[in-house]
Amino acid sequence: MNSKFYHQERDAFFPLIFSAYIHGMNSIAMNTISIIDYQPEFRPHFERINKAWVEQYFSLEPFDIAQLENPQEHILDKGGYIIFAKENDQIFGTVALIPSKEVGSFEMIKMGVDPKGQGRGIGFLLGKAILDKAKSIGAKKVELFSSSKLVPAIHLYKKLGFREVEMGCGQYGRCNVKMEISL
């Protein structure tokens with residue numbers, strides 16, 4: 001065996017083992033999260049994941065119900081996109097993107113991660129993926145509306161590069177924070 005090759009392989013593998021040890025993992029699982037586009041069979045997951053977090057902190061508004069129960073009509077047919085985070089056969093998270101009134105601007109909406117998937121970086125992966133999607137379709141800016149009650153969400157958005165901006169006239173009853181990112 002080539003000694004140089006052995007050391008490179010060992011040196012590359014050691015941090016993985018060390019990381020597993022530090023994080024208390026008994027074994028190294030090589031499961032990966034896949035980011036996938038909307039398919040009609042995923043609609044119940046889009047509804048389930050988003051209704052859970054909205055109902056935990058707020059109450060569903062008419063626009064929520066319309067978007068969650070009929071995303072084809074209220075998001076996709078209006079030029080929007082929906083993606084999901086999937087591991088094996090399980091959907092752990094979702095986020096959508098819809099065109100804003102301003103040309104070249106989109107709104108990130110309906111980001112949610114199933115409680116079983118939280119704390120694994122799934123929200124960050126979804127955020128990066130939807131921002132990449134926005135760039136690929138020529139968006140110049142992405143905005144979002146949130147609530148100061150959702151501290152972990154606000155932290156995630158800042159980690160993705162969003163910055164708080166003037167709220168202006170709010171279109172959502174539960175929102176008191178507006179953020180945007182230039183692409």
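**A helix and its cover**

Reply: The buried residues of α2 are covered by elements that include α3 (62-69), α4 (71-74), β2 (81-87), β3 (90-99) and β4 (105-113). Helices (H or I, at least four residues) and strands (E, at least two) are DSSP runs numbered from the N terminus; buried means under 20% relative accessible area, exposed over 50% and partly exposed in between, with a 1.4 Å probe and protein chains only. This is a predicted model, in which local features need pLDDT of at least 70 and side-chain atom pairs count only at pLDDT 80 or more, whereas totals for chains, interfaces and linings use all residues. Residues are numbered from 1 along each chain as its sequence is written, and side-chain values use heavy atoms, with hydrogens and water left out.

Helix α2 itself comprises 15 residues, 43-57. From its first C-alpha to its last it reaches 22 Å, close to the 21 Å expected, the expectation being 1.5 Å times one less than the number of residues. Its buried residues are Phe46, Glu47, Ile49, Asn50, Lys51 and Val54.

One of the covering elements is α3, whose axis comes within 8 Å of that of α2 and crosses it at roughly 155 degrees. The two helices are therefore roughly antiparallel. Axes here are lines fitted to C-alpha atoms, for helices over the stretch in contact, with angles running from 0 to 180 degrees between N-to-C directions; angles under 35 degrees count as roughly parallel, over 145 as roughly antiparallel, 65 to 115 as roughly perpendicular and the rest as oblique. On the α2 side, Arg43, Phe46, Glu47, Asn50, Lys51 and Val54 meet Asp64, Gln67, Leu68 and Glu69 of α3, where contact means heavy atoms within 4.5 Å. By class, this contact has 3 nonpolar, 2 polar and 5 charged residues (Ala, Val, Leu, Ile, Met, Phe, Trp, Tyr, Cys and Pro count as nonpolar, Asp, Glu, Lys and Arg as charged, and the others, Gly among them, as polar).

Within α3, leucine 68 counts as buried because its relative accessible area is 0%. Not counting residues up to four places away in sequence, leucine 68 touches Arg43, Phe46, Glu47, Asn50, Lys51, Leu60 and Lys110.

The phi of lysine 110 is positive, about 55 degrees, although the residue is not a glycine.

Arg43 is also a contact of tyrosine 38, as are Pro71, Gln72, Leu76, Ile82 and Phe84, leaving aside neighbours within four places in sequence. Tyrosine 38 sits in the loop between β1 (34-37) and α2, and it counts as buried because its relative accessibility is 13%. Its C-alpha is 9.4 Å from that of alanine 96, 58 residues away along the chain.

Asparagine 88 is placed in the loop between β2 and β3. Its phi, near 55 degrees, is positive in a residue other than glycine; at 55% relative accessibility, asparagine 88 counts as exposed.

As to the whole protein, there are 6 helices and 7 strands. Buried residues account for 39% of its 183 residues.
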